[in-house]
Amino acid sequence: MKKFTHISARSIDEAVAALRQYGDRACLIAGGTDILGKMKDDILPRYPEALVDIKGIAGLEFLREEKGSLRIGALTRLEDIAREPRIREKYSALAQAAGRTASPHLREMGTLAGNLCQDIRCWYYRNPNNRFPCLRKGGGRCYAIEGDNRYHSILGGSVEGGCYAVHPSDTAPALVALNAEVRTTKRTLPVEDLFGVDVARTTVLDSDEIVTEIRVPAPKAGSRSAFLKFAIRKSIDFPIVNCAAMIACRNGAVASSRICLNAVAVRPYRAAGAEKTILKKRIDEPLAEAAGIAALSGAKPMGHNGYMVQVARVLVKRAILACAG
Amino acid sequence: MASKKAAAPPGAWTRYPCPYCRETLDSVEAVKSHVLERHAAESLPEPEGTVHITVNGQAHTLRVEPDWTLYYLIHDVLGLTGTKLMCDRGACGSCTVIVNGRPVLSCMTLAVECDGKQVETVEGIAAAGHPLIEEYVKHHCMQCGFCTPGFVVTAKALLDRNGSPTEREIREALGGNLCRCGTYPQHPKAILQAARILREAK
């Protein structure tokens with residue numbers, strides 16, 4: 001790694017002040033599993049001059065249920081979320097997603113907010129020593145269009161001219177399905193709106209904004225949630241496609257549902273087509289299959305990733321069936 | 001001129017923090033008089049980048065650079081070469097150490113962030129006479145042996161939390177450790193046996 005300044009913040013104010021002082025030349029570090037990898041590989045066109053460590057800030061690591069919602073501190077480790085019995089029972093999609101992220105060691109280090117705010121995955125973008133000066137780095141083109149795009153977006157580019165990278169978070173689709181909201185030092189917004197389509201960023205957060213908490217409303221009575229992930233390996237792997245669903249049933253028919261796919265586009269993708277297909281219907285296998293097809297009706301696969309469309313359809317189908325019990 | 005600067009807004013970062021108590025002040029002069037007033041009787045403050053770290057029960061006070069990883073501190077600075085570095089990207093588990101009870105990857109942890117932490121390495125586990133070491137040898141859980149310390153440390157962290165793990169729990173806990181020689185089937189056997197020995201010893 002190249003040299004940088006390390007600032008250990010003791011309060012949110014101190015961290016925000018440090019971020020302001022450095023402008024966009026500083027990065028936050030919590031678990032560090034994404035940012036340190038990027039710095040070691042030297043993939044950032046603007047190497048951070050300072051890292052602001054927020055792990056020393058008291059009161060950002062907690063897990064509690066309050067007034068019908070689950071409150072999770074930004075620094076709560078994924079492993080603690082995956083293991084918590086209340087979350088496994090009531091917010092199963094989140095526990096399953098946290099438990100399938102990376103490897104046990106990385107889950108002991110990585111935080112929930114860090115998992116949401118991690119950078120996109122693309123092997124051109126992430127190639128060591130900044131070998132491919134792609135769109136995101138101020139270069140002229142997206143290398144995935146003509147190159148090997150087997151793990152790239154099946155739902156089109158994020159901006160004109162490209163960026164077909166995908167967002168690899170496992171917890172993001174689960175939190176979208178569970179209708180969670182993110183609290184930052186500046187605002188409160190639904191997790192769904194956290195992700196940006198801007199070429200320079202992956203979230204809508206400002207450079208001096210810090211996520212402090214994630215709140216998940218208690219699921220309605222009669223609802224169930226599930227998370228499924230397709231990856232090459234069971235551990236230490238990013239998803240090729242993942243899918244989370246929360247379905248509430250009344251009198252045997254679907255009253256409401258939220259289904260979200262990730263790793264298929266630069267931001268988590270809400271499968272509105274699937275939600276519409278199953279609304280007010282009794283869930284069975286043909287219906288779930290039709291929902292899977294409807295979810296991906298707008299898919300625009302590239303040269304090498306047509307298989308991901310089929311994987312996504314099957315995951316939507318299985319997630320719906322898992323919620324039906 | 002620093003003395004003419006307006007009072008900083010609340011929470012703003014000024015470049016004049018007190019080296020003793022981190023209170024931020026408006027100017028160098030203000031820091032000087034603050035130090036004379038409040039901290040005159042105290043010994044000199046520690047230089048920036050000083051960490052107090054306990055490794056295998058032994059306390060160390062070290063000066064570290066911001067870009068040092070915990071692995072570098074343990075392996076190169078303290079000379080505890082049992083911890084191994086393979087991928088250096090958090091993808092193989094070879095550099096696992098236990099920090100405050102959690103098995104973490106020392107290659108993806110900054111040393112400067114380990115101030116006040118309790119670290120346990122494979123040397124500490126061996127010195128404590130943990131049955132895992134003996135069982136790993138008996139069950140021949142290694143060929144080249146490079147990944148073995150990472151497996152042993154991860155297994156120790158598991159046994160600390162769960163004294164009677166099932167084979168499935170063991171496999172899941174070791175999910176972050178890679179072995180190129182493919183010794184995987186032997187690990188659960190050794191760990192189950194070590195857990196049995198620990199339970200009988202109680």
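This is a predicted model: local features need pLDDT of at least 70, side-chain atom pairs count only at pLDDT 80 or more; totals for chains, interfaces and linings use all residues.
Chain B puts in 24 residues, and chain A puts in 28 residues. Which element gives the most to the chain B side? Select residues 102-105 of chain B: this is strand 4, and its 4 residues are the top contribution on that side. Now colour the chain B side by class. You will find 11 nonpolar, 7 polar and 6 charged residues there.

Move to chain A. Select residues 285-295 for helix 10 and residues 306-324 for helix 11. Two packed helices are described by the angle between their axes and the distance between the axes. Here the angle is about 140°, and the axes of helix 10 and helix 11 of chain A are 8 Å apart. Helix 10 of chain A is therefore oblique to helix 11 of chain A. Their crossing is right-handed.

Next, show side chains where these two helices meet. On helix 10 of chain A, pick residues including A:Glu285, A:Ala288, A:Gly292 and A:Ile293. On helix 11 of chain A, the partners include A:Arg313, A:Val316, A:Lys317 and A:Leu321. Which classes make up this contact? Between helix 10 and helix 11 of chain A there are 9 nonpolar, 1 polar and 4 charged residues.

Technical notes:
Residues are numbered from 1 along each chain as its sequence is written. Chains are lettered from A and ligands numbered from 1 in the order in which they are written. Axes are lines fitted to C-alpha atoms, for helices over the stretch in contact, and angles run from 0 to 180 degrees between N-to-C directions. Angles under 35 degrees count as roughly parallel, over 145 as roughly antiparallel, 65 to 115 as roughly perpendicular and the rest as oblique. A crossing is left-handed if the near helix is turned anticlockwise from the far one by less than a right angle, and right-handed if clockwise. Two residues are in contact if their C-beta atoms, placed from the backbone, lie within 7 Å. Ala, Val, Leu, Ile, Met, Phe, Trp, Tyr, Cys and Pro count as nonpolar, Asp, Glu, Lys and Arg as charged, and the others, Gly among them, as polar.
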